[in-house]
Amino acid sequence: MNIFCIGRNYSEHARELNNPVPQTPIVFCKPSGALLRDNKPFYYPDFSEDIQYEVELLLRLAKPARAVPKHKAIEYISHIGLGIDFTARDIQSRCKDKGLPWEIAKGFDHSALIGEWIDIHELDTSNIEFSLKKNKELVQSGQSKDMLFQFEDLIQYITSIFTLQTGDIIFTGTPSGVGPVKRGDLLEGFIGERRMFWTEIR
Ligand code: MG
């Protein structure tokens, strides 16, 4: 299974990390070993001192996809989900300063938390509201209509470069409000009122 991720897809989040707003989607990948499922705990890795949460809407591919035009893109999505793109911000900052790739800051084991899936036909995809609570307090909230690149744009762009397979996952980027976690924290993600995942940091 391939895991594709989009960076800086909300202008407020780009600004909070002092990044320019991109003209085309910023794409990176995580290896399959990054997956964390079934509300399992997240174990804080010893190579970082600044692990941060980024809550993101997820797309799951319905079928193989290559060079998909924008007007057909929605047909290629079977489910919408919610997850966390865990990021070692201290390592990412060092990589960015040196102009080096981000993978060690973004693709480490269990850095791609995914929750439940909702059949895309059960949702109004014109605007999906989602949020993240840390220790029962709201820390991030977003709505899909604020994405710089919408679901259709992302499918069109990614499949112009990569062939996607059935079941592949796309992390669509995080809204503003990213922040650190520490051992003992409880993270819970919601689409609307529906809890899609939880994880304890250990
Ligand atoms: Mg992200």
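**Entry 1**

I began with strand β9 (residues 129-134), which is joined to β10 by six bridges, the two running antiparallel. For the names, I took helices (H or I, at least four residues) and strands (E, at least two) as DSSP runs, numbered from the N terminus. I called two strands paired if DSSP finds at least two bridges between them. Before going on, I noted that this is a predicted model, where local features need pLDDT of at least 70 and side-chain atom pairs count only at pLDDT 80 or more, while totals for chains, interfaces and linings use all residues. I also noted that residues are numbered from 1 along each chain as its sequence is written, and that side-chain values use heavy atoms, with hydrogens and water left out.

Next I looked up a residue pair across these strands: K134 stands opposite E137 in β10. In the loop between β9 and β10 I found N135. N135 has a positive phi of about 50 degrees, although it is not a glycine. N135 is partly exposed because its relative accessible area is 35%; I used under 20% for buried, over 50% for exposed and partly exposed in between, with a 1.4 Å probe and protein chains only.

Which strands make up the sheet, and in what order? I read an open sheet of four strands, β10-β9-β13-β14, with antiparallel pairing. Its edge strands are β10 (137-143) and β14 (194-200), each of which pairs on one side only. The twist from one strand to the next averages 15 degrees. For that angle, axes are lines fitted to C-alpha atoms (for helices over the stretch in contact), and angles run from 0 to 180 degrees between N-to-C directions.

At the β14 side, six bridges join β13 (residues 186-191) to β14, again antiparallel. I found F190 with R195 as its bridge partner in β14. β13 and β14 form a hairpin with two residues between them, and G192 in the turn has a positive phi of about 60 degrees.

**Entry 2: the metal**

Which residues coordinate the magnesium ion? I listed E54 (OE), E56 (OE) and D85 (OD), at 2.0 to 2.1 Å. I counted as donors N, O and S atoms within 2.8 Å of the metal (3.2 Å for Na, K and Ca); water is not among the atoms, so sites may look incomplete. Along the chain, the donors follow the spacing E-x1-E-x28-D. Both E54 and E56 are buried.

**Entry 3: two helices**

In helix α2 (residues 89-98) I marked R89, D90, I91, Q92 and C95 as the buried residues. They pack against β4 (51-53), β7 (87-88) and α3 (103-106), with contact meaning heavy atoms within 4.5 Å. After α2 comes G99, with a positive phi near 70 degrees.

Helix α4 (residues 151-159) has F151, D153, L154, I155, I158 and T159 as its buried residues. I traced their packing to β1 (3-7), β2, β5 (55-61), β6 (77-85) and β11 (169-171).

**Entry 4: cysteines**

How many disulfides does a search of the whole structure find? It finds zero, where a disulfide is a pair of cysteine sulfur atoms within 2.5 Å. C5 is in no disulfide, and the nearest cysteine sulfur, that of C29, is 7.4 Å away. C5 counts as buried because its relative accessible area is 0%. C95 is in no disulfide either; its nearest cysteine sulfur, that of C5, is 15 Å away. C95 is buried too, at 7% relative accessibility.

**Entry 5: aromatic pairs**

I paired rings of Phe, Tyr and Trp (its six-membered ring) if their centres lie within 6.5 Å, with planes under 30 degrees apart called stacked, over 60 edge-to-face and the rest tilted. The count comes to five aromatic pairs. I looked at F47 and F108: their ring centres are 5.5 Å apart and the planes stand at 75 degrees, so this pair is edge-to-face. F47 lies in the loop between β3 (35-36) and β4, and F108 in the loop between α3 and β8 (112-119), so the pair ties together parts 61 residues apart in sequence. F47 is partly exposed, with a relative accessible area of 39%, whereas F108 is buried at 8%.

**Entry 6: one more positive phi**

My last stop was N18, in the loop between α1 (11-16) and β2 (26-30). N18 is not a glycine, yet its phi is positive, at about 55 degrees. Is N18 buried or exposed? N18 is exposed, because its relative accessible area is 71%.
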